[in-house]
Amino acid sequence: MNAIDTTFYAHSARGEATPSTNWQLLREHLAGVAARAKTLAEATGVPDLPAAAEAAGWLHDLGKYRPSFQNFIRGLSPLGSKQHKEAGAAFAHEKQNALLAFAILGHHVGMPDPDEARIAVKGPDGSDVWKVIRDPAVAECPELAGLELSKVGSGTKEPELLTRLLLSCLVDADWSDT
């Protein structure tokens, strides 16, 4: 990605080596997943789950704002990691919401154990990346600045069950939007 190209993509189109109108914009993907995850969560009737699912949708692919991921998706040398789920989990962790961080970390491979989660959030793909991408991500998605994550799921008596429901809503929304 050169200094002039500030378009952020979530997904490329099969068989297309250069960006086109068929490529999915990152902001559109995050908004779509957030809306769909919230709708799925509303159907459960579980309090706090819709807000948590919407937040997870906005955060799940935040690391795709990193230059190395944008280079990777364009077929260029990534010059660094292309990991992307850790940055959103780091944001959730920064807001002291482990439930949300676990669901975000698990949206591709299932929920991590606590040690894996801690390493992912505090490692070079987590907090460090969140600090680098914060400004461009919030500039493109002002909804991120308004997320009140500290309260999402905080009153639950069943945090593991709520996390699993949240993960299910996020995974279904992500797959259907991609």
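In the predicted model, the side chains of D115 and R118 meet in a salt bridge, with N and O 2.9 Å apart; a salt bridge is defined as a side-chain nitrogen of Lys or Arg within 4 Å of a carboxyl oxygen of Asp or Glu. D115 and R118 are 3 residues apart in helix α6 (residues 114-122), so about one helical turn separates them. Helices are DSSP runs (H or I, at least four residues), numbered from the N terminus. D115 is partly exposed at 46% relative accessibility, and R118 is also partly exposed, with a relative accessible area of 46%. Here, buried denotes under 20% relative accessible area, exposed over 50%, and partly exposed in between (1.4 Å probe, protein chains only).

Because the model is predicted, local features need pLDDT of at least 70 and side-chain atom pairs count only at pLDDT 80 or more, whereas totals for chains, interfaces and linings use all residues. Residues are numbered from 1 along each chain as its sequence is written, and side-chain values use heavy atoms, with hydrogens and water left out.

The whole structure contains 7 salt bridges. In one of them, E143 pairs with R27, the closest N and O atoms being 2.8 Å apart. E143 lies in the loop between α7 (127-140) and α8 (159-177), whereas R27 belongs to helix α1 (residues 26-42), so this pair ties together parts that are 116 residues apart in sequence. E143 is partly exposed, at 30% relative accessibility, and R27 is partly exposed at 29%.

A further salt bridge joins the side chains of K38 and E54 (3.9 Å, N to O). K38 lies in helix α1 and E54 in helix α2 (residues 49-59); the pair therefore ties together parts that are 16 residues apart in sequence. K38 is partly exposed, with a relative accessible area of 29%, and E54 is partly exposed at 28%.

The largest nonpolar core has 46 residues, and those with the most contacts inside it are L59, L62, Y65, L100 and L166. A nonpolar core is a set of buried Ala, Val, Leu, Ile, Met, Phe, Trp, Tyr and Cys residues joined through side-chain atoms within 4.5 Å. At least two residues of this core come from each of α1, α2, α4 (85-94), α5 (98-105), α6, α7 and α8. The most is given by α2, with 7 residues. Apart from its neighbours within four places in sequence, L100 is in contact (heavy atoms within 4.5 Å) with A52, A55, A56, L59, A92, L149 and L166. A second, separate core of 5 residues includes Y9, W23, F69 and I73.
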